[in-house]
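Subject: Structure handover

Hello,

I am passing the structure on to you.

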Amino acid sequence: MLNSPNISPFVIFFASIITSNMILSNFLGMCSFISVSNEYKTASGLGKSVTMVMVVTTIINYVIYKYVVVPLSLEYLRYIIFIIVIAASVQIIELVMDRYLPDLHIKLGIFLPLITVNCAILGISLFMVIRNYDFWQTLLFGFGSGLGWWLAIATLAAIKEKVAKNNIPKGLEGPGLTFIITGLMALAFIGFSGIFVIQ
Amino acid sequence: MKKELQTVFYRNLWKENPVIRQILGICSALAVTNLAVNSLVMGLGLMFVTALSSFTISLLRNYIPQRIRMIVQTLIIAAYVIVVDIFLKANLPEISKALGPYVGLIITNCIIMGRAEAFAQKNPPVLSLFDGLFAGLGYTIILLGVALIRELLGFGSVFGYSLNMVNFTPWTIMVMPPGAFFMIAIFIWISSNMMSKRTEKAKLKKQEAK
């Protein structure tokens with residue numbers, strides 16, 4: 001198991017935004033990344049909700065994993081436990097938002113059910129277990145990954161808005177072009193590699 | 001039954017191939033395809049989970065209440081994923097380590113949920129089993145295709161066996177993330193071009209018949 005007690009939480013934070021970006025280097029959360037990136041505004045809204053859900057669920061999963069799952073040695077059940085926690089906390093976030101932040105709920109509400117099956121959310125919790133993070137590392141890892149995801153989807157949507165007006169080769173419209181744009185973005189992000197290493 | 005099987009086979013492998021036509025299950029298709037062995041194991045795991053979860057969901061389709069069916073389906077899928085995970089850890093520890101979190105992420109793979117919602121909900125168990133199996137097969141074939149090219153160009157090897165090519169400089173970019181995006185894009189491009197040509201031909205035939 002990769003043990004990482006010495007990495008500063010802040011290094012993890014910046015690394016998960018830039019060098020270990022959830023989409024561009026770990027390919028997590030691709031489904032909604034491809035399908036909800038036609039408009040900058042919507043994409044950015046989804047990015048915000050993902051960031052929020054990510055922080056909340058990783059923290060809950062961390063606490064449950066550390067204080068319930070490990071002491072009872074139920075590690076083999078962790079997939080089921082994580083997915084239930086994610087589904088439940090998305091529901092609770094939705095209820096709380098509806099009650100206290102109705103404006104935000106109207107804006108982000110449509111995305112919340114989608115997020116339950118976003119693999120980035122589950123992926124973060126699994127990475128946290130594999131890499132043995134402590135509390136602060138987990139917190140900043142979740143937050144940084146969310147911001148990284150947001151950055152990637154917002155950038156992609158902004159590029160796609162511009163590109164949509166041009167002539168695109170036949171057969172490449174839609175997903176094909178999206179992959180090429182994302183590939184170029186990933187290529188650009190490789191330029192940052194070496195600044196931080198957490199993988 | 002035989003005819004139904006044929007349509008299911010054709011649809012899942014080509015016409016509505018999960019990866020290149022429906023753009024589902026992309027996360028793992030991008031992440032594990034830098035080595036052909038990893039892709040093969042991942043594909044087999046996904047076939048197992050999709051087939052059996054479609055079968056189980058179809059068996060239980062009349063007993064699962066509509067409102068909570070998503071979470072029930074997710075739990076069924078998660079149970080099979082745990083089986084795959086434990087099996088890999090016990091028998092192929094190195095590949096299990098290389099695949100890392102992506103085995104667990106089969107749970108959120110949209111292909112399985114998609115087959116469950118679109119097919120297993122309304123069809124008998126055995127047909128659903130084959131539908132899931134063929135959807136998994138469609139995924140595996142694309143993964144292997146992508147992985148073979150990426151591994152060949154990126155490491156100069158096939159299934160881990162080095163080809164010892166002289167004067168060959170590995171294209172490192174192919175085994176890095178951008179290579180994955182470009183390869184999938186090329187696959188989608190080729191397939192949609194072939195599809196549109198085929199529909200054009202069909203149109204022409206119809207016009208001639210008229």
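Helices here are DSSP runs of H or I with at least four residues, numbered from the N terminus. In that numbering, Leu40(B) belongs to helix H3 of chain B. Please keep in mind that this is a predicted model.

Leu40(B) is partly exposed, as its relative accessible area is 31%. It is one of the residues of a nonpolar surface patch of about 590 Å². Two helices of chain B, H3 (36-59) and H7 (125-155), each give two or more residues to the patch. H3(B) supplies the largest share, with three residues.

Aromatic rings

Over all chains, the structure holds twelve aromatic pairs. One of them joins Phe13(A) and Phe14(A): the ring centres are 5.1 Å apart and the planes stand at 70 degrees, so this pair is edge-to-face. Phe13(A) is buried, at 12% relative accessible area, whereas Phe14(A) is partly exposed, at 39%. Ring pairs also bring in Phe143(A), which forms a cluster with Phe13(A) and Phe14(A).

Tyr133(A) and Phe141(A) make another edge-to-face pair, because their planes are at 70 degrees, with 5.2 Å between the ring centres. Tyr133(A) is buried, with a relative accessible area of 5%, and Phe141(A) is buried as well, at 1%.

There is also a charge over a ring in chain A: the charged end of Arg99(A) sits over the ring of Tyr100(A), 5.1 Å from the ring centre.

Regards

Notes: Residues numbered from 1 in each chain as written. Chains lettered and ligands numbered in written order. Predicted model: local features only at pLDDT ≥ 70, side-chain atom pairs only at ≥ 80, totals over all residues. Heavy atoms only, no water. Patch = residues over 30% accessible without salt bridge, like charges linked within 9 Å, V, L, I, M, F, W, Y side chains within 5 Å. Areas by Shrake-Rupley, 256 points an atom, 1.4 Å probe, with all protein chains shown as cover. Salt bridge = Lys/Arg side-chain N within 4 Å of Asp/Glu carboxyl O. Buried < 20%, exposed > 50% of the residue type's maximum accessible area, 1.4 Å probe, protein only. Phe/Tyr/Trp six-rings, centres within 6.5 Å; stacked < 30°, edge-to-face > 60°. Lys NZ or Arg CZ within 6 Å of the ring centre and 35° of its normal.
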